[in-house]
Each structure stands twice: as structure tokens, then as C-alpha cells.
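Subject: Handover of a structure and findings

Dear colleague,

Please find below the structure that I am handing over to you. I would be grateful if you read the notes after it with the model open.

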Amino acid sequence: MSAKAAIHKEVFVPHDEKMLVAVQVKRKTKKKIPFLATGGQGDYLTFICLSVTNKKPAHVTITKVKKFQGSSMFVKRSQWAINQLQQVNGIDSNKDSPEFDLTFDNAYDQWVAGSAGEKCTFVQILHHTCQRYIPSQKPEFVNCQSKLLGGNSILHSAADSVTSAVQKASQALNERGERLGRAEERTADMMNSAEQFAVTAHKLAMKHKC
């Protein structure tokens, strides 16, 4: 099981939440965590996760999840409601970059994702979720590439792929149905012809007997 799948199962499913996206991150400047606070040597993995409750009305949260060295479990360390998010800084709007900053009402963190691609996916889904679930006073998205904020291309591409697959499957079934229909018609014609031939042959046989 992947780390993200394990986080979804261990951290969010028990609370009837669905994880929308997660990105593994490291701080630009790593904080030293005391030995007693971690129960280990201070080495850990960090993920920033976006989740939504399954029950309505939906509540969306951004959660910092950690896994400490020597532990097999992922644990929540910090959590914010999505309306506490004030700004998302993509650092560079001209090129892909793994760096991004998150500013909340009471916190500010500077992160480096595992890759620029992971960061881009996270920012795009976060932007889409903010547009959907925050009715007013939406957070700022600054220094972000336009492809991340316009049109939700990743989400739309996925939806388009599914739609295309459904359409192709439907077309194939329709074509198959038409072929089967034509085959059934041909079979029926052949059966009728055979039946008519049998009747005619029987009549001819009866005449010869007479």
C-alpha cells in the first residue's frame, strides 16, 4: 500500500472523510523537533492533505500528517478549515517549481514538494476546491502558473478521459448491437428460406407419389 493510500485509510476514513489530494513535503528550513515530542530521533515524513467530509454540509480541511521514524502509523499534527487559508504562494509563475507557501489565520509554512509535478497537482486541486466550497473571501493564489488556476485542466482531463471512454464503449455496444441485429435478420431470412424450401420439396415429393 502506498503512503497516500495508507494516510487515507488510517487518518481520514475513520472520520468519514475523503482525501482529495496529498503532497509529500519538506520544510525549506527544517525545524528541530525535541526528542520527547516525537518519541524518536526527530526524523519524520510530512504530508499536506486536503480532505472533505462525506456527510452534508461538506467540511473541507487542510491537514498536516506526519509519520515518525520507528512508527508504522500516520498521525495528524495540525489541521485548518479551508476558510482559514489566506494565501497560496506558488513562488514562480513562469516555470514549474516544487516550492510553495501556505498562509493561514494563525500559521505560515514554507514547503518544498517531492517534485514540481506533485506541487502543481496539489495547488490545482486546492484552487478548484476553494472555488467550490468557499462562497466568499476566497484565499489568494499568487505567483502560480495560469495553467493551475484556469480551467482545472487536470480535473477536466480526467473527466474528459472518462467521458471519452464511456462514449467509445457505448458506440462499440451500439455497433455490436447493430451487427447482431443484422445477423439475426439474416438468420431469420435463412430460416424462412429453408422452411419454404422444405415445404416446396415436400409438396413436390407428394406430387411424385401421386
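The notes below go from the chain as a whole to single residues.

This is a predicted model, in which local features need pLDDT of at least 70 and side-chain atom pairs count only at pLDDT 80 or more, while totals for chains, interfaces and linings use all residues. Residues are numbered from 1 along each chain as its sequence is written, and side-chain values use heavy atoms, with hydrogens and water left out.

**The chain as a whole**

The secondary structure consists of 5 helices and 8 strands; helices (H or I, at least four residues) and strands (E, at least two) are DSSP runs, numbered from the N terminus. Along the sequence, these elements follow the pattern α-β-α-β-β-β-β-β-β-α-β-α-α. The chain has 210 residues, of which 30% count as buried; buried means under 20% relative accessible area, exposed over 50%, and partly exposed in between (1.4 Å probe, protein chains only). Among contacts with a separation of 6 or more, 53% are between residues 24 or more positions apart, where contact means heavy atoms within 4.5 Å.

**Strand β6 and its partners**

Strand β6 (residues 99–104) is mostly covered, with 5 of its 6 residues buried. On one hand, β6 runs antiparallel to strand β5 (residues 85–89), to which 4 bridges join it; two strands pair if DSSP finds at least two bridges between them. In this pairing, leucine 85 stands opposite phenylalanine 104 of β6. On the other hand, β6 pairs with strand β7 (residues 108–113), again in the antiparallel sense, over 5 bridges. Aspartate 109 in β7 is the bridge partner of leucine 102. The strands β6 and β7 form a hairpin with 3 residues between them.

**Asparagine 89 and asparagine 143**

Asparagine 89 belongs to strand β5. With a relative accessible area of 14%, asparagine 89 is buried. Its contacts beyond the neighbours within four places in sequence are Glu99, Phe100, Asp101, Val142 and Asn143. The side chains of asparagine 89 and asparagine 143 are joined by a polar contact of 3.0 Å; a polar contact is a pair of N or O atoms within 3.5 Å, and within protein one must be able to donate a hydrogen and the other to accept it, with residues adjacent in sequence counting only if both atoms are side-chain atoms.

Asparagine 143 lies in the loop between β8 (140–142) and α4 (146–149). Its relative accessible area is 39%, so asparagine 143 is partly exposed. Although asparagine 143 is not a glycine, its phi is positive, at about 55 degrees.

**Cavity and pocket**

The structure holds 1 cavity of 30 Å³ or more, and the largest cavity has about 40 Å³ of space. On a 1 Å grid over the protein atoms alone, a cavity is a set of points where a 1.4 Å probe fits but cannot get out, and a pocket is an open set with protein on both sides within 12 Å along at least five of seven lines; lining residues have an atom within 4 Å of a point. Grid points are joined across faces, edges and corners, and a volume is the space filled by probe spheres set on the points. Asn143 is one of the residues that line the largest cavity, and others include Gly90, Lys119, Cys120 and Cys144.

The largest pocket holds about 230 Å³ of space. It is lined by 13 residues, the closest to its centre being Lys18, Leu20, Val52, Arg132 and Tyr133. The elements that give two or more residues to this lining are β1 (17–27), β2 (44–53) and α3 (116–133). With 5 residues, α3 gives the most.

**Loop residues**

Aspartate 16, in the loop between α1 (3–12) and β1, has a positive phi near 55 degrees and is a residue other than glycine. Proline 57 is in the loop between β2 and β3, and the peptide bond from lysine 56 to proline 57 is cis, with omega near -5 degrees. Serine 71 lies in the loop between β3 (60–68) and β4 (75–81), and its side chain reaches the backbone nitrogen of methionine 73 at 3.1 Å.

With kind regards
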